[in-house]
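Take a look at the model before reading on.

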Amino acid sequence: MNILLANAQLLAPKIDEVRSVMLNAKPDLGFFTETWLRETISDSQVNIPGYSFIARNRCVDIHGVVGLYIHDSIKFKPLDEFSDPDFESLWVWLMPRRLPRGFPCLVAGTVYHPQLGVNNSGMLNHLTTTLTDIVGQYPGCGIFVCGDFNRLSLSRLTS
């Protein structure tokens with residue numbers, strides 16, 4: 001599986017460049033942090049042919065927001081039950097045509113953790129709880145998480 005990870009810092013005005021990169025690189029998944037998308041930006045403004053796009057838009061602050069482009073060949077289901085309004089994370093169940101041996105499905109997450117004025121322990125608790133719940137709900141599933149963690153220490157998660 002080919003993936004692309006980018007911190008967009010304002011996706012909509014850069015969509016021509018993002019579209020060009022996505023169509024040239026042809027990743028299966030394109031993870032984006034700091035899209036700065038809001039409800040007022042229509043899906044057609046960030047459309048890339050051959051991909052579905054899902055995002056967690058923010059209503060209060062303009063910064064942050066995570067999004068994921070998923071190639072049309074991959075079946076997917078957003079896992080909204082793992083969303084938390086206090087943390088920027090987006091989780092998706094994936095069923096690509098070909099899976100790594102031994103995995104019944106994949107779950108992908110994209111996370112943005114801001115650098116300043118943040119709740120480090122809260123984000124770590126959110127990620128730990130979410131990953132534990134995913135393992136319980138989707139046993140044997142391959143899990144990968146991409147994002148912008150800034151100065152968040154992930155040693156607790158990786159152990």
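Q: In which strand is the place of Asp148?
A: The model is a predicted one. Within it, Asp148 sits in a strand, and that strand is β8.

Q: Does Asp148 count as buried or exposed?
A: The cut-off for buried is under 20% relative accessible area. Asp148 has 15% relative accessibility, so this residue counts as buried.

Q: Which residues does Asp148 touch, not counting residues up to four places away in sequence?
A: Contact here means heavy atoms within 4.5 Å. With residues up to four places away set aside, the list for Asp148 is Asn7, Thr33, Glu34, Val111, Tyr112 and His113.

Q: How far from a polar atom of the Asp148 side chain does the backbone nitrogen of Asn150 lie?
A: A polar contact needs N or O atoms within 3.5 Å. For the backbone nitrogen of Asn150 and the side chain of Asp148, the distance is 3.3 Å.

Q: Is Ile143 buried, partly exposed or exposed?
A: Ile143 also lies in strand β8, residues 142–148. Ile143 has a relative accessible area of 32%, so its class is partly exposed.

Q: Which element supplies the largest share of the largest nonpolar core?
A: This core has 17 residues, with Leu79 and Trp91 among those with the most contacts inside it. β6 (88–95), β7 (106–112) and α2 (120–137) each give at least two residues. The largest share is five residues, and it comes from α2.

Definitions and conventions. Residues are numbered from 1 along each chain as its sequence is written. This is a predicted model: local features need pLDDT of at least 70, side-chain atom pairs count only at pLDDT 80 or more; totals for chains, interfaces and linings use all residues. Side-chain values use heavy atoms; hydrogens and water are left out. A nonpolar core is a set of buried Ala, Val, Leu, Ile, Met, Phe, Trp, Tyr and Cys residues joined through side-chain atoms within 4.5 Å. Buried means under 20% relative accessible area, exposed over 50%, partly exposed in between (1.4 Å probe, protein chains only). Helices (H or I, at least four residues) and strands (E, at least two) are DSSP runs, numbered from the N terminus. A polar contact is a pair of N or O atoms within 3.5 Å; within protein, one must be able to donate a hydrogen and the other to accept it, and residues adjacent in sequence count only if both atoms are side-chain atoms.
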